[in-house]
Amino acid sequence: MIFCKNNKIQSLKLNIFTKYYFSRVLNHMNIVYNLLMIKVEIMLSILKFFNIKIKQFFNERKNVIQILEKEISENEKYIWIHVASLGEYEQGLPVFKHIKSLYKNHKIVLSFFSSSGYNARKNNQISDITVYLPLDTNKNVNKFLDIINPEMAFFVKYEFWPNYLKSLYKRNTPTYLISGVFRESHWFFKFYGFWMRKVLRSFTHFFVQNNSSKEILCKFNINNCSVMGDSRYDRVMELLNENNEVPFLKDFKNNKICIVAGSTWKEDNDLIIKFINSCTSTNTCWIIAPHQINLKYIKELQNKIELNSILLSELNFENFKNINLIIVDSIGQLTKLYSYADISYVGGGMGTSGLHNTLEPAVHKIPIIIGKNFKNFPEVSELINLNGIKTVNNFDSFETEIIELIQSNDKRNKMGEINFEYIKRNLGASDKVISYLNEIK
């Protein structure tokens with residue numbers, strides 16, 4: 001009995017020591033992170049004088065607090081929605097629409113981290129106020145949240161800002177993650193990521209895309225989660241009911257087989273341009289939408305192409321007749337452009353930048369070609385197995401696949417139907433989120 005009692009005492013001491021040790025380490029990690037954020041803010045304020053992009057990043061955020069102080073009313077109730085960029089905005093949009101309808105007495109503040117997302121959707125159908133997200137320093141966070149005083153907060157997919165999340169938790173603000181994806185390879189599930197796992201506990205509820213994400217969270221005793229699916233399917237289906245018309249594109253296409261290459265990087269463009277310059281078909285036309293909307297890069301791209309080409313911004317009722325290729329020089333057009341396509345190529349997969357959204361062309365019932373790198377895109381792997389997507393790893397395989405699609409109307413139709421039916425089977429994610437919110441309202 002004495003032996004057992006001593007064991008219990010030793011075990012109790014060990015638990016107390018362990019909790020104390022991890023508490024100290026956690027506190028140190030928080031201090032390190034906060035010092036890092038302050039250092040970043042100071043460095044940006046200096047480097048802005050030497051770098052245009054840094055100056056833009058700094059200037060975009062310097063007036064956010066003043067804008068909020070002017071626009072926010074103490075007599076209104078607010079919901080805060082944060083997205084990283086345009087892709088996350090589009091992914092969450094079906095849910096945002098439901099939230100706006102469900103909480104009619106609330107106004108919505110929408111924040112972006114990236115300038116591309118902000119510039120593309122600063123005027124949108126969801127928010128009453130749209131701003132950039134200030135850097136994640138304690139000072140910025142407290143000012144931001146003090147002014148808005150949100151009754152609820154929503155983040156999309158990968159947005160984990162420690163100080164924002166911890167402050168929301170301290171304020172007892174219900175905070176939700178929409179369309180979350182978790183993998184064991186994520187650094188915060190490694191032994192050194194324990195302090196970020198503590199931050200994850202700030203969320204009120206996780207709406208995750210798949211069972212594996214839920215299982216990973218539960219493995220680390222984070223059980224406030226449910227599988228919603230991926231709201232991108234709901235979003236792309238909505239695209240069919242929107243006005244997808246782009247002026248003069250119908251005339252440009254003129255019953256030719258139109259190939260739209262979306263969000264392409266250098267490695268993608270190298271394949272495409274080589275094929276275009278060697279192709280003898282007169283029954284095709286091309287639209288290339290580079291990921292980087294940079295006028296210098298676009299002009300370099302245009303100079304490499306032997307077909308008669310024009311920028312989308314230059315297209316008008318007089319100059320489309322002898323043009324066989326359009327290069328897109330603005331953002332926010334790609335989802336509309338896919339509606340004109342008979343074949344699509346989705347960029348990012350030939351290099352290491354990351355594959356772009358394949359669901360946007362899939363909903364238009366068209367076949368899809370991608371590069372060789374598509375890891376961590378389960379929907380792509382499934383559509384490859386179903387033969388709705390073809391993957392290529394070099395010019396020869398690209399040439400083979402695209403020629404077959406150009407020559408076979410039946411193959412194009414069959415692949416397009418496979419892609420569309422796949423999207424239909426995966427609808428309903430946003431309804432699951434709203435069902436949950438309805439129950440707790």
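The secondary structure of this predicted model comes to 19 helices and 14 strands, where helices (H or I, at least four residues) and strands (E, at least two) are DSSP runs numbered from the N terminus. Residues are numbered from 1 along each chain as its sequence is written. Local features need pLDDT of at least 70 and side-chain atom pairs count only at pLDDT 80 or more, while totals for chains, interfaces and linings use all residues, and side-chain values use heavy atoms, with hydrogens and water left out.

**The sheet**

- An open sheet of 7 strands has the order β10-β11-β9-β8-β12-β13-β14, with parallel pairing; two strands are taken to pair if DSSP finds at least two bridges between them.
- The edge strands, each pairing on one side only, are β10 (309–311) and β14 (389–391).
- From one strand to the next the twist averages 20°, with axes being lines fitted to C-alpha atoms (for helices over the stretch in contact) and angles running from 0 to 180 degrees between N-to-C directions.

**Strand β12 and its partners**

- Strand β12 (residues 343–346) is joined to strand β13 (residues 368–370) by 3 bridges, and the two run parallel; S344 stands opposite I368 in β13, and V346 stands opposite I370 in β13.
- With β8, strand β12 pairs in the parallel sense over 4 bridges, and V260 stands opposite S344 in β12.
- In a regular strand the side chains alternate between the two faces of the sheet.

- H364 lies in the loop between α15 (359–362) and β13, and it counts as buried because its relative accessibility is 16%.
- Leaving aside neighbours within four places in sequence, H364 is in contact with L240, N244, T335, Y338 and S339.
- V141, in helix α6 (residues 138–148), is buried with a relative accessible area of 1%, and with neighbours within four places in sequence left aside it is in contact with D136, N163, Y164 and S167.
- The C-alpha atoms of V141 and N34 are separated by 12 Å, although the two residues are 107 residues apart along the chain.

**Surface and contacts overall**

- The protein exposes about 22400 Å², of which carbon and sulfur atoms supply 51%; accessible areas come from the Shrake-Rupley method with a 1.4 Å probe, and for residues only the protein chains shown count as cover.
- I31, found in helix α1 (residues 2–47), is partly exposed, with a relative accessible area of 40%.
- Among contacts between residues at least 6 apart in sequence, 67% join residues at least 24 apart.

Terms used: Buried < 20%, exposed > 50% of the residue type's maximum accessible area, 1.4 Å probe, protein only. Contact = heavy atoms within 4.5 Å.
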